[in-house]
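Subject: Structure for your files

Hello,

Here is the structure you will be working with. My notes follow below it.

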Amino acid sequence: MQVISDPKSVRSQELTHGLGSVLTIGAYDGVHLGHRAVIGEVRRIAEARGVKSAVVTFDRHPASVVRPESAPKLLTSLDQKLELLESTGVDIVVVVPFDHERATESAESFVMSVMVECLGVKAVVVGSDFHFGKDRRGNIDLLTAMGGEEGFDVLSLALIGGAGGTKVSSTAIRSFIRNGDMPSAAAMLGRPVELRGIVIDGDKRGRTIGFPTANVSVDDEICLPADGIYAAWYLRPDGIRRKAAVNLGRRPTFYDDQAYSLLEAFLIDFSGDLYEEAAVVEFVERLRPEAKFDSLDALLKQMGHDVENATLILDGLTSH
């Protein structure tokens with residue numbers, strides 16, 4: 001997969017070798033099953049026409065610039081998004097830098113500079129609710145009109161359905177995650193809910209009570225699950241998936257007013273140094289909400305149950 005981070009610096013003749021492209025455009029946060037369906041159609045049409053397949057996305061969520069006060073938390077970082085896009089088999093990804101200048105760019109200018117001049121678009125595939133450009137003026141009607149002038153086709157796809165008739169969308173997935181519903185979020189993502197970060201120093205209390213944990217620092221822009229205890233898989237840089245019981249929360253037994261949620265992962269049947277390592281935590285199931293306990297003994301007893309329950313769930317997955 002070829003990644004282009006400055007569409008202004010590349011022309012279609014160079015990028016697509018004069019073939020042109022079939023493309024789609026969007027934030028593609030999460031690269032969920034709906035996104036994959038669109039990209040699958042892009043690749044199918046591109047192969048049939050003998051041209052390149054391409055995704056046009058952004059280096060940040062456009063809402064973080066246009067309406068930062070209500071911008072959604074992200075399902076994936078840019079690096080993770082690119083990894084997921086590469087797994088779709090698409091030929092080219094153009095990562096458009098999104099700033100205030102880009103936010104005020106007309107839809108027509110975007111089509112010409114990115115789609116026509118950079119990618120030599122032959123066809124564009126988008127969802128039926130697609131909007132882009134200043135004041136969201138860009139839509140399927142505008143694309144169709146410009147396609148008639150510039151020689152590209154426009155294909156609209158309906159959103160695919162998920163569990164309970166809910167349409168697969170990044171918004172729906174964020175809602176499931178915030179409610180701690182990992183199976184429903186995973187069903188729409190097509191993979192487990194995943195958080196990434198670096199293991200940092202904590203207060204080291206866990207090692208003194210028999211439950212040493214890896215404190216994983218997660219970027220503030222990422223959507224966190226509801227506070228609670230989770231069964232999860234923990235991936236170290238060696239790539240091995242290890243069973244874990246994860247506490248995500250504010251540790252009310254020890255702190256009355258912790259202002260943020262902390263991710264603490266207890267690796268089951270493991271002993272070793274994890275500090276400053278990159279960590280990936282795949283959430284499987286929420287075991288219970290976070291709770292405040294009257295004593296350390298009561299907390300330790302419950303933590304023992306949590307580890308047992310997490311082990312049962314994770315062992316059950318590996319036995320199938």
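How many disulfides does the structure hold? It holds zero disulfides, a disulfide being a pair of cysteine sulfur atoms within 2.5 Å. Cysteine 118 is buried at 0% relative accessibility, and cysteine 223 is buried too, at 5%. Buried means under 20% relative accessible area, exposed over 50% and partly exposed in between, with a 1.4 Å probe and protein chains only.

This is a predicted model, in which local features need pLDDT of at least 70 and side-chain atom pairs count only at pLDDT 80 or more, while totals for chains, interfaces and linings use all residues. Residues are numbered from 1 along each chain as its sequence is written, and side-chain values use heavy atoms, without hydrogens and water.

Next, a helix pair. The axes of H6 (residues 107-118) and H7 (residues 140-150) come within 11 Å and cross at roughly 50°. Axes are lines fitted to C-alpha atoms, for helices over the stretch in contact, and angles run from 0 to 180 degrees between N-to-C directions. Helices (H or I, at least four residues) and strands (E, at least two) are DSSP runs, numbered from the N terminus.

Two residues have a positive phi without being glycine: histidine 17, at about 55°, and valine 31, at about 45°. Histidine 17 lies in the loop between helix H1 (12-15) and strand S2 (21-25) and is exposed at 58% relative accessibility. Valine 31 lies in the loop between S2 and helix H2 (33-49) and is buried at 0%.

Regards
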